[in-house]
Amino acid sequence: MTETNGHTQANGHSYVGTRQIRPDGVDKVTGRARFGADYNLPGQLIGRVLRSPHPHARIVSIDTSKAEALPGVKAVVTREDFGDQPSEFVPAGEMMMNYKDVVRNVMAREKALYEGHPVAAVAATSVAIARRALKLIDVKYEVLPHVIDVVEAMRPGAPLLHDDLFTVGAEPKPDKPSNIAKRVEIKQGDVAAGFKKADVVIEREFKTAPVHQGYIEPHAALATVSEDGATELWTTTQGHFIVRAHCARLLGLDIGKVRVTATEIGGGFGGKTVVYLEPLAIALSRKAKRPVKMVMSREEVFKASGPTSGAVVRVKLGATKAGKFTAAFAELKYQAGAFQGSPVQPGVMCAYAPYDIENVHVIGYDVVSNRPKVAAYRAPGAPISEYAVESVVDEIAKKLDIDPIDLRMQNAAREGTKAAYGPKFGPIGLEETLNAIRKTEHWNAPLRKWQGRGVASGFWFNIGGETCVSLTVNEDGTISLMAGTPDIGGLRAALTSVAADELGVPYDKIRPIIGDTGSLGFNFLTGGSRSAFSGSMALVEAAKQIKADLCARACKLWEAKPDQVEFSGGHVKPLGALADKVKPMSVADFAKVAGKTGGPIGGVGRINAQGAGPSFGTHLVDLEVDPETGRATILRYTVAQDAGRALSPAYVEGQFQGGAVQGIGWALNEEYVYGADGKLQNAGFLDYRMPVASDVPMIDAILVEVANPKHPYGVRGVGETPIVPPLGAIANAMEAATGIRFTELPMSPPKVLKALKEKGLNKA
Amino acid sequence: MARVVLVGNLAQVTGGVAEFDLSVTCVQQLFRQLSELHPALERHLESGVAVAIDGQIFQDALLEPIGADSEVFLLPQIAGGAGVRSYIPTFPGAQLPETR
C-alpha cells in the first residue's frame with residue numbers, strides 16, 4: 001500500500017482494499033443505532049403470541065371470546081384470519097419454501113406441529129393485559145404421538161405429520177404418505193468401479209445436532225395499517241423486499257401499499273430470511289386500527305424460529321495407496337422441522353465439491369419431524385455434509401500416512417475441475433488456501449499431550465441476484481448512497497469504498513443508508529454471500545451513469561465533442577487542445593452548477609447480478625482436551641479463505657472470524673435437547689451453550705485473493721464459507737488430541753468424557 | 001450444438017434422459033426446446049433451476065447467451081428472488097405432489 005493525496009492507496013484504488021472505519025460504526029458503539037425493538041409509534045399496542053404446548057396435536061377448537069372481552073385487548077387473530085394458500089414453492093434465500101406451509105408456520109391451522117407453534121396472537125394496551133389475554137384463549141387439542149429424531153421419523157409407522165406428504169424423487173412413486181418429503185441425488189462416473197480401484201476405503205456414519213443461528217437480537221416487528229390499507233412495517237430482517245412480498249401474499253395486500261423498513265440488525269446468519277411476527281403484527285394492526293409492536297423472547301426465538309437441520313450422514317470414500325481419491329458416496333438425512341424444505345439439496349451438492357473425484361454418488365433425504373421449521377444458516381446444508389467428508393479425508397490421510405494438507409492438495413478442485421454437481425470450476429482458490437495454511441508458523445508449532453491439531457477445507461457456491469442501488473450527488477458535492485440489502489457485516493463500508501473510488505470522492509463525503517422498499521427497486525435479500533458482491537456491481541453501474549452524465553454536461557459547458565473529455569480521478573478532464581482552454585471539473589464542481597446544467601445528478605444501478613465466484617477456505621485449529629472433565633479448549637485457530645478481492649479487508653476478516661466461532665459452537669457445545677415429551681429443554685443461552693469471547697482465542701485470518709473474473713473488482717462472496725470447515729477441522733483436532741474419532745456433534749464434555757472413560761483415557 | 005446435461009432429479013421428468021445436443025443461443029431458447037422435447041419439464045424450468053454455462057452458474061437469467069459449443073448444466077437453484085414475484089413450479093426435488 002502507498003499513501004497518495006492523503007488516501008491510503010492499494011492495488012491502484014484509493015479506498016477499495018483498505019481498512020476504513022465503517023460508516024455505521026459510531027451509531028453502533030454509542031447505542032444510537034436503532035434495532036428492531038427500538039422502534040415505537042404513538043398509540044402502539046403490544047402483540048403477544050399464544051404457542052402450542054404440544055409437539056404434535058390436532059387443534060379441535062379455539063375460543064377467543066374471553067380474551068376479546070378483556071378490557072385493553074384490541075385485537076385477537078387466529079387461523080381464521082389468514083386465508084389458506086395453495087401449494088406453491090418459491091426460492092427464499094438459500095432455501096425453498098411453500099406458501100401452503102408458510103401460512104401454517106406463521107399460524108397453525110389443522111394441527112400444531114411443534115412446541116411453540118403459534119396458535120393465536122393478541123394485541124393489547126400493555127404487556128400484562130396481553131399476557132392475561134393469552135391465558136383466556138381456550139384451545140382444545142387432541143394430542144397426537146410425536147417424532148423428533150430424523151431416523152425415527154423416516155421409519156414406517158412413525159407418527160405422520162402431514163397425511164398428504166408423498167416422497168418426491170423416489171422411484172417407484174410411493175403410494176403412502178410419509179415424513180420423507182423428498183429424495184435428491186447427484187451422480188457422476190461409476191462409483192462401484194471407482195471403489196474397486198481403491199486400496200483403502202473408509203466408511204463412517206456421522207450425526208450432527210440441530211443448532212440455532214444464535215443472533216443476539218430477537219425477532220421484532222412494528223406494523224401500522226391505515227384505514228385505506230396502506231401498511232408500514234419496521235422489522236429486523238435480512239430482506240425487507242422479501243418480507244414485503246411474503247406479507248402481501250399472506251394477507252392479500254397490494255405490494256405497492258406495503259412499505260417495509262429494515263431496522264439495524266443484530267445478526268441473522270440466514271435465520272432472518274423468513275417471516276414470523278411480521279404477518280401477525282400487520283394482521284393485528286389491521287384489526288385494531290392501531291400500531292402493533294411484537295418482540296420475541298429468547299425462549300420464543302429458540303422454540304419457534306428456524307435452527308438449521310440436525311442430520312445423519314453416511315460417507316464412504318476410496319483412495320489409492322498414493323492418495324488419489326477414486327470414488328465417493330454419501331447418504332444424507334436432514335431434518336426439515338415441521339415443514340419440508342431442509343437444505344439437503346445444497347448439502348448433497350457441496351459434500352465433495354472441494355475435490356476432483358471422477359466417481360461420485362450422493363443421495364439426500366428431506367425429512368419432517370416435530371421441531372420448528374429449519375431456516376437457512378450460513379452456507380445452509382454444507383457444513384453438515386462437508387464435516388463428515390472432511391473427517392473421512394483425515395482418516396484416509398492417517399491410514400495412508402500422508403500429510404493431510406498434501407492429501408487435500410493432491411485431490412483439490414482447481415480451475416477446470418468438473419465439480420461433483422456438474423459444471424467445471426473457473427478460477428478458484430482452494431489450493432492457495434491450503435498453501436497459505438501450510439506456510440503459517442501455526443502449522444509447525446509444537447503441541448503437548450492432550451493437545452491436537454486439525455485441518456479441513458470447505459466450499460460454498462455464493463450467489464448474485466436482483467440488486468438496486470442509487471447514488472445521488474448532493475448540492476455540495478457530497479454523495480448519498482442508498483442500498484436495498486440490510487447491512488449485516490460491513491456492507492456500507494464496502495459499498496462506500498467502491499463509490500469513493502468510482503467517483504473520486506473522499507470516503508467520508510459519502511453517506512450510505514439502507515433504503516426502504518418504497519425508495520428503491522426490488523432487492524433480493526442479504527444472503528448467499530451476495531450483498532457486497534452484487535451491491536458493488538450495481539454501484540459500478542450507477543457510477544457509470546453519473547460519469548456519463550457529467551461528461552455530457554461538460555461537453556455542453558465547454559462546447560466540446562464527446563471524444564474531447566474523459567472522466568478520471570474524480571474529474572471530468574478536457575483532452576487535447578481543449579486542455580489549454582478549460583480546467584478539469586470535479587464532481588463537487590458539477591454539483592454547484594447542477595441546476596443550471598440539467599438538474600439533479602444521480603445514478604441508479606439495477607441489475608440481476610450473475611457471475612458469483614465460489615469460495616473455498618481451509619481452517620487450522622489447535623485444541624486441548626481436559627481428560628478429567630472432557631472439556632475441549634480451542635487454543636489457536638487460523639482461517640485462510642479466497643475472497644476474490646476484499647473490498648474492506650477488516651470486515652472480510654470479521655466474516656472469517658465469525659464463521660469460525662459459530663463453527664466452534666456447532667462442533668463443541670450447541671444442540672437442541674428434547675425430552676421424551678417432545679419439548680425443548682434448553683431454550684435459553686444459559687443451557688444452550690454458545691461460545692462467548694472468553695471461550696475462543698483471537699482467530700487469525702489470512703486473505704487469499706484469487707480474483708473473480710466476472711466481477712469488476714474481482715470480488716467473491718465471503719460470508720458463508722467460513723462456517724463450513726470448522727466442524728471437520730475441530731473433529732480432526734479432537735482425534736489428534738485423544739486418538740478417538742468422534743462421529744457425533746457436538747463433542748460436548750459429557751460425550752468426550754464418556755469416550756475417554758471407555759478407552760481408559762480419562763486420567764491425565 | 002450446445003451440450004446440455006440435466007443434473008440430479010430433473011432427469012426423472014424426462015424418463016432418465018439426461019443429455020441433449022441442442023442448437024440454442026440463449027437460456028430462453030434452451031428452456032423452450034427442452035419443453036418441446038419433454039413437455040413435463042416446462043413447469044420446472046423457468047425459476048426452478050440454475051443454468052451453468054461453460055462453468056458459470058446463472059439464476060433467473062432467461063436472456064443469457066449460450067455459445068454454439070457451450071457446455072450447459074441444469075442444476076437445482078441455489079437461491080433466488082424471482083419466485084416471490086410469481087409462482088412458477090420448481091425443481092422436482094423440491095416439488096410437492098399435485099394432490100396437495
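In this predicted model, strand 29 (residues 632-642) of chain A runs parallel to strand 30 of chain A, and 6 bridges join the two. Within this pairing, Thr638(A) stands opposite Asp700(A) of strand 30 of chain A. Helix 18 (residues 649-668) of chain A packs on the sheet, where it touches strand 28 (615-625), strand 29 and strand 30 of chain A, and its direction makes about 130° with that of strand 30 of chain A. Helices (H or I, at least four residues) and strands (E, at least two) are DSSP runs numbered from the N terminus, two strands pair if DSSP finds at least two bridges between them, and two residues are in contact if their C-beta atoms, placed from the backbone, lie within 7 Å.

The sheet as a whole is open and has 4 strands in the order 20-28-29-30 (chain A), with mixed pairing. Its edge strands, each pairing on one side only, are strand 20 (451-460) and strand 30 (699-704) of chain A. On average, neighbouring strands of this sheet are turned by 15° against each other, direction ignored. Axes here are lines fitted to C-alpha atoms, for helices over the stretch in contact, and angles run from 0 to 180 degrees between N-to-C directions.

Residues are numbered from 1 along each chain as its sequence is written, and chains are lettered from A and ligands numbered from 1 in the order in which they are written. Because this is a predicted model, local features need pLDDT of at least 70 and side-chain atom pairs count only at pLDDT 80 or more, whereas totals for chains, interfaces and linings use all residues.

Chain A is divided into domain 1 (2-33 + 464-609), domain 2 (37-145 + 213-304) and domain 3 (426-462 + 613-764), with bounds that come from an automatic or database domain assignment. The centres of domain 2 and domain 3 of chain A, taken over C-alpha atoms, are separated by 35 Å, and the contact takes 8 residues from each of these two domains.

Elsewhere in chain A, the axes of helix 3 (residues 99-106) and helix 7 (residues 240-251) come within 11 Å and cross at roughly 85°. The two helices of chain A are therefore roughly perpendicular to each other, a term that covers angles of 65 to 115 degrees. In this contact Tyr99(A), Val102(A), Val103(A) and Val106(A) of helix 3 meet His246(A), Arg249(A) and Leu250(A) of helix 7.

Notes
Angles under 35 degrees count as roughly parallel, over 145 as roughly antiparallel, 65 to 115 as roughly perpendicular and the rest as oblique.
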